[in-house]
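Open the model in your viewer and keep the selection panel at hand. This tour goes stop by stop.

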Amino acid sequence: MEYLEQIAFVAVVAAATFFLYRRINRIRQNILMGKDLIRNDSRPERLRTMLLVAFGQKKMFKRMVPAILHFFIYIGFLVINLEVLEFVLDGIFGTHRLFAPFLGGFYTVLMNVFEFLAVAVLLSCVVFLLRRNVLRLERFMSSEMKGWSKLDANLILVIEIVLMMAILTMNAADQVLQDSGVGHYAAHPTGHLFFSAMLKPFFEGMAQGTLVFVERFAWWFHIVGILGFAVYVTYSKHLHIFLAFPNTYFSNLLPKGKMNNMDSVTNEVNMMLGLPTTNADATPPPTAEEIGKFGAKDINDLSWKNLMDAYACTECGRCTSECPANQTGKKLSPRKIMMDTRDRMEEVGESTAKGGNGLEDGKSLLGDFITKEEINACTNCNACVEACPVMINPLEIILELRRYVSMEESGSPASWNAMYQNIETSFAPWKFAPTDRFNWADDLKNEKNTK
């Protein structure tokens with residue numbers, strides 16, 4: 001029976017590893033559908049940014065209450081999962097609390113720390129559920145947060161609560177079995193565990209066989225839940241748990257107000273002027289055989305970093321809540337831009353995996369997912385970029401889509417086209433000659449001299 005349990009455990013781990021590897025590979029292939037982009041400069045600064053923003057949660061603390069709650073969940077995720085190592089080794093070798101004899105009293109300290117964090121995670125998840133479903137915070141009630149997006153957010157919180165309860169239940173049943181002197185439970189005492197000890201009265205009247213079943217069920221439920229959670233996360237917005245680190249490392253280090261030039265145009269001008277065409281943060285220049293395209297119509301016209309941004313999106317809505325266009329009632333939602341990009345990427349990736357070509361399905365990111373009305377509402381203020389806790393840049397996608405509309409379709413609003421023409425002919429948005437631009441200063445000077 002013991003060996004059967006070990007075989008079953010190894011089979012479960014192998015199955016989870018297989019599905020996880022397949023899903024990670026699919027995500028990688030989807031991201032690589034984007035255009036190449038060189039982001040290997042300033043490595044010390046990139047590492048520092050990743051440690052401060054992704055690991056240190058720096059930008060989360062602009063909103064203190066959710067930041068503290070998120071901090072508990074984040075630390076709990078990192079620390080409690082250290083216990084998973086013991087679970088895995090126990091499952092493979094058929095042991096029970098393998099580390100307890102080696103760590104002695106320190107094992108009790110560690111287990112109490114794990115339980116404290118488990119309770120903190122549990123309470124934080126309850127508060128987050130209340131914020132979403134009872135208080136109904138405005139940024140969680142947007143039109144894009146319906147259906148799967150709303151269910152996903154609630155489901156992940158419920159899963160975390162159940163997993164934390166499984167830990168406490170397992171430890172409580174284990175302590176009762178230790179007190180009863182049952183087999184290997186008594187041989188590997190945990191010491192007094194403060195939080196799970198509160199649950200002991202619920203189990204003290206149970207028969208020994210029932211207690212063993214409860215402890216084993218909770219153990220299996222937790223480890224299988226962790227493995228299932230790992231696979232589920234790759235389909236969820238909570239993929240940011242892992243992608244926040246590479247996403248912040250490869251983030252744009254240029255000042256937020258600096259707009260990236262179109263490399264095809266810049267290289268053409270540089271060649272005309274006899275200047276180098278290389279750029280440290282640019283896509284490689286197109287070959288002579290490639291047909292030039294301005295801006296982006298579909299996901300393959302965006303960079304791989306734009307597509308990674310879409311997968312790293314937490315759907316927290318901070319970008320949309322800070323967007324001035326959204327605040328004035330316009331349809332633009334930077335969060336929706338990222339969600340639509342991810343949905344289109346998943347659609348194309350699924351078609352490609354089945355042997356088709358999703359990029360030739362008659363649909364595109366621009367038009368079928370994101371409308372011109374949305375991108376035209378953007379003021380380029382970078383509020384969304386500043387607000388994002390994992391340094392996602394929705395503005396880059398908006399600009400690329402808008403460039404396509406303007407330069408490939410000539411589909412910008414008439415007032416914009418007039419402005420473009422004025423800039424081209426008069427070097428200013430207004431329709432007058434460059435030599436007349438400072439006439440107002442001459443008039444002011446003459447007015448001052450007459451006084």
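How are helix 12 and helix 15 set relative to each other: roughly parallel or roughly perpendicular? Keep in mind that this is a predicted model. Select residues 304–312 for helix 12 and residues 334–353 for helix 15. Their axes cross at roughly 105° and come within 8 Å. Angles of 65 to 115 degrees count as roughly perpendicular, so helix 12 and helix 15 are roughly perpendicular to each other.

Now show the side chains at this crossing. On helix 12, pick Asn-306, Leu-307, Asp-309, Ala-310 and Tyr-311. They meet Met-338, Thr-341, Arg-342, Met-345 and Glu-346 of helix 15. Colour this contact by class: five residues are nonpolar, two polar and three charged.

**Next stop: helix 3 and helix 5**

Select helix 3, residues 64–93, and helix 5, residues 105–133. Their axes lie 8 Å apart, at an angle of about 140°. That angle makes helix 3 oblique to helix 5. The crossing is left-handed.

Zoom in on the contact. The contact as a whole divides into 18 nonpolar, three polar and three charged residues.

Select residues 208–233 for helix 9. Helix 3 packs against helix 9 at about 115°, with the axes 11 Å apart. This crossing is left-handed. Phe-77, Asn-81, Val-84, Phe-87, Val-88, Asp-90 and Gly-91 make the contact from helix 3. From helix 9, show Trp-219, His-222, Ile-223, Ile-226 and Phe-229. Eight of the contact residues are nonpolar, three polar and one charged.

**Last stop: the second largest pocket**

Which residues lie closest to the centre of the second largest pocket? Select His-70, Ile-73, His-238, His-240 and Ile-241. The pocket holds about 910 Å³ of space, and 40 residues line it.

Now bring up the helices around the pocket. Helix 2 (43–55), helix 3, helix 5, helix 6 (148–179), helix 9 and helix 10 (240–249) each give two or more residues to the lining. Helix 3 supplies the largest share, eight residues. Colour the lining by class to finish: 27 residues are nonpolar, seven polar and six charged.

Notes
Residues are numbered from 1 along each chain as its sequence is written. This is a predicted model: local features need pLDDT of at least 70, side-chain atom pairs count only at pLDDT 80 or more; totals for chains, interfaces and linings use all residues. Side-chain values use heavy atoms; hydrogens and water are left out. Axes are lines fitted to C-alpha atoms, for helices over the stretch in contact, and angles run from 0 to 180 degrees between N-to-C directions. Helices (H or I, at least four residues) and strands (E, at least two) are DSSP runs, numbered from the N terminus. A crossing is left-handed if the near helix is turned anticlockwise from the far one by less than a right angle, and right-handed if clockwise. Contact means heavy atoms within 4.5 Å. Ala, Val, Leu, Ile, Met, Phe, Trp, Tyr, Cys and Pro count as nonpolar, Asp, Glu, Lys and Arg as charged, and the others, Gly among them, as polar. On a 1 Å grid over the protein atoms alone, a cavity is a set of points where a 1.4 Å probe fits but cannot get out, and a pocket is an open set with protein on both sides within 12 Å along at least five of seven lines; lining residues have an atom within 4 Å of a point. Grid points are joined across faces, edges and corners, and a volume is the space filled by probe spheres set on the points. Angles under 35 degrees count as roughly parallel, over 145 as roughly antiparallel, 65 to 115 as roughly perpendicular and the rest as oblique.
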